Amino acid sequence: MTAFVPVSLDALPAGAGRLAFVRRILRNPASAVPSEIAESRVYAPSFAKGAFAYVADADVLETVLVERPGDFPKATIDERILRPIFRDGLLLAEGEDWRWKRRLAAPVFSPAAMRGFLPEIVAPFAALTGRWTPSGATVTADISDAMKTATLAVIDRLLFAGRSDIDPERIKRHVDDYLDPVTWVVAYAMLRLPDWTPFPGRGKLLRARDAVRALLADFVRRRRAGPADVDDVCNRLLAAADPQSGRTLTDADMVDMLLTLISAGHETSANALTWAVYCLAEMPQTQERLIAEIDREVGSDPIDQPAVSRLVAVRAFLLETMRLFPPAPGLSRRTLRPETLGGIDLPAGAAVMIPVYAVHRHPHYWERPQVFDLDRFTEGREAAIRRTVYLPFGAGPRICVGGTLAMLEMTAGLATLLQRVRFLTVPGAAEPQLQHRVTLRPRHRLAARVEPRRDRPAAGHPLRVNAPANDVAAAGRRVPE
Ligand code: HEM
C-alpha cells in the first residue's frame, strides 16, 4: 500500500535573517514561519526584537485562545488589514461590543437555523455538475472558479435570498481588490512601520473599500424600508436582538456584519473544497470509499440533514483536507501587557502569531503529519485530538460563528457533486502550489477532469461500487504505508 503526500509549503530555513523573512511575508506569509518552530514550538527570531513570536504549542495556545482570550485581542495585523473594511463586524469587534454582537448572531447561525437552509445550500452544487457535463462527456474544469461560484451562490441565497437586489459578485470583486496588496500591510505591521507608509496598490485598495461599503449601505437602507417577509439571514439579523440587552443592529452595524459574513463565509469554504477535489483526484481509492458511502446512505436522493449526519467518511475527508490545507492558515493576537509565553518574554503590544498551517503539520502532535489519512477523524479518534492542535475554525470564544454552516455546506456540497461525477487528475498538469493571501489557495487555478458517473443508483436504490485496490493516480508523492 502507498499513502498520498499532498503538496506542501517550505518553512523559512533555520537561522534565516530579516530580509529573507520579509521577502516570504510579501510572497507567501505562511511560508515565513521559521523552521525552528518544529523544535521550539514557541519561537521568536532574533530580528523580531520583542515585536512578535510564533506560537505552535498546544498548552500556550490553550492559554491564549481559550483560557485568557480577553488578554490577547486580535493583533495589530488584523486591525491594519481588516479593520478599515470590516470595521466593527463580528470578526474584529472586541470586549463588550463583540459579546453583544456574538450573542445576537449566534442563534442566527445555530445548527437548527442552518438546517432549514439545506436545499438552498445544495442547489448551487447540483447546478455545477449540470454546467460541467451537459452532454455527458468527461471535461476538464476550472475547480477553483467553480467552487468560488458555488459558495458565493450559497452566501447569496442565505444572506440575500438570491433575489438579485444586490450583486455579490460585485462585492467580492471590490473585496478582492482591497485584499490584493495585503501582504504589504502584513509586512509593515510586523515591522511596526506607520500605516500611512506607501505601497503599490494603496489607492486601488482605498477606492475598493469605499465602493463596497457604499454599495452595502444602500442595500441595507432599501432592505430596512422594504417588506420583512423575506426569510434570509439579512432579515433575521435586522430583526434580531441581543437576548441580554435587547440591543439591535444599526445600519452601520449591518454593513460591517454583512461585509464580514460575505467575505469570511465563501472564500474559506471555496478553498477547502478546491483542495478537497485535488486530494480526491489524487486518491481514487479514497474517492470510491466516499462514493460508496454516499450511494449506501443517500443513493441519488437530495441530501437532507439526516443524510448529512450519516456521511461520516465525507466529513472525515473534509476535516483531513482542512488539516493539510487550513483555509485560514495563520491567526494572530497581541499582548495587552508583558507576557512570558513558552519561556519567551514579550512586551505589551507584541504580536502572537499562530501558524495554523504549521500546527496542523507539526511532528510533535501528528503521526506522519504530511500523509493524507482521513481515518484520523473516524471511529472516535477525533475525540483524542486537542482543540488547540486542530484549528481550522480557531478555538475558544472567538471560534468561527459560521463553522456549522461551513461543515454543512461542504459535506452536503461535496456529496451532491460525488452523487453525479468523479474527479480525475489532468494528465501532465503541474502540481498545485500553495499561496497564502488571507486564505490558503492554489497559486494558479486548479483544474481537474470531471467524469459523469454512469453507475449512479436509481433514486431510493443504493448501489455498491467496487473500489480499486490502491490510491494510484498519476501525480503526487507516495510513501509506503
Ligand atoms: C471552511 C470554512 C471556514 C473556515 C475555515 C473559517 C475559519 C474561521 C476562523 C479560523 C475564525 C477565527 C478567527 C480568529 O480566531 O482570529 C473564524 C471566525 C469567523 N468566521 Fe469563519 N470560517 C469558515 C466559514 C465561515 C462562514 C460560512 C461564515 C459565515 C457565513 C463565517 C464567519 C465567521 C465570523 C463572523 C467569524 C468571527 C467570529 C467571532 O470573532 O466571533 N466563517 N472563521
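Author: Helices are DSSP runs of H or I with at least four residues, numbered from the N terminus. The model shown above is predicted.

Reader: Where is Ser31 found relative to the helices?

Author: Ser31 belongs to the loop that connects α1 (18-27) with α2 (37-40).

Reader: Is Ser31 buried or exposed?

Author: Buried means under 20% relative accessible area. Ser31 has a relative accessible area of 4%, so Ser31 is buried.

Reader: Which residues does Ser31 touch?

Author: Leaving aside residues up to four places away in sequence, Ser31 touches Leu9, Asp10, Ala11, Leu12 and Arg24.

Reader: And how does Arg221 count by accessibility?

Author: Arg221 is partly exposed because its relative accessibility is 49%. Arg221 is placed in helix α11, residues 202-225. Between the C-alpha atoms of Arg221 and Ala252 there are 10.0 Å, with the two residues 31 apart along the chain.

Reader: How many residues does the largest nonpolar core have?

Author: In soluble globular proteins, nonpolar side chains tend to be buried together. Here the largest nonpolar core has 157 residues, and those with the most contacts inside it are Phe21, Phe52, Tyr54, Ile143, Phe317 and Phe423. Helix α13 gives the largest share of this core, 17 residues.

Reader: What does Tyr54 touch?

Author: Not counting residues up to four places away in sequence, its contacts include Phe21, Ile25, Val42, Tyr43, Met190 and Pro355.

Reader: Which residues are closest to the ligand?

Author: The ligand is surrounded by 27 residues, and the closest are Trp98, Arg102, Arg333, Arg398 and Cys400. By class, this shell has 18 nonpolar, 5 polar and 4 charged residues.

Reader: Which side chains place a polar atom 2.7 Å from an oxygen atom of the ligand?

Author: Trp98 has a polar side-chain atom 2.7 Å from a ligand oxygen atom, and Arg102 has one at 2.7 Å from a ligand oxygen atom as well. For Arg398, an N or O atom of the side chain is 2.8 Å from an oxygen atom of the ligand. The elements giving two or more residues to the shell around the ligand are α5 (95-105), α13 (251-282), β5 (331-334) and α18 (403-420). The largest share of that shell comes from α13, with 5 residues.

Reader: What is the protein donor of the iron atom of the ligand?

Author: Cys400 is the only protein donor of that iron atom, through SG at 2.3 Å. Cys400 sits in the loop between α17 (356-360) and α18.

Conventions
Residues are numbered from 1 along each chain as its sequence is written. This is a predicted model: local features need pLDDT of at least 70, side-chain atom pairs count only at pLDDT 80 or more; totals for chains, interfaces and linings use all residues. Side-chain values use heavy atoms; hydrogens and water are left out. A residue is near a molecule or strand if one of its heavy atoms lies within 4 Å of it. A polar contact is a pair of N or O atoms within 3.5 Å; within protein, one must be able to donate a hydrogen and the other to accept it, and residues adjacent in sequence count only if both atoms are side-chain atoms. Ala, Val, Leu, Ile, Met, Phe, Trp, Tyr, Cys and Pro count as nonpolar, Asp, Glu, Lys and Arg as charged, and the others, Gly among them, as polar. A nonpolar core is a set of buried Ala, Val, Leu, Ile, Met, Phe, Trp, Tyr and Cys residues joined through side-chain atoms within 4.5 Å. Buried means under 20% relative accessible area, exposed over 50%, partly exposed in between (1.4 Å probe, protein chains only). Contact means heavy atoms within 4.5 Å. Donors are N, O and S atoms within 2.8 Å of the metal (3.2 Å for Na, K and Ca); water is not among the atoms, so sites may look incomplete.
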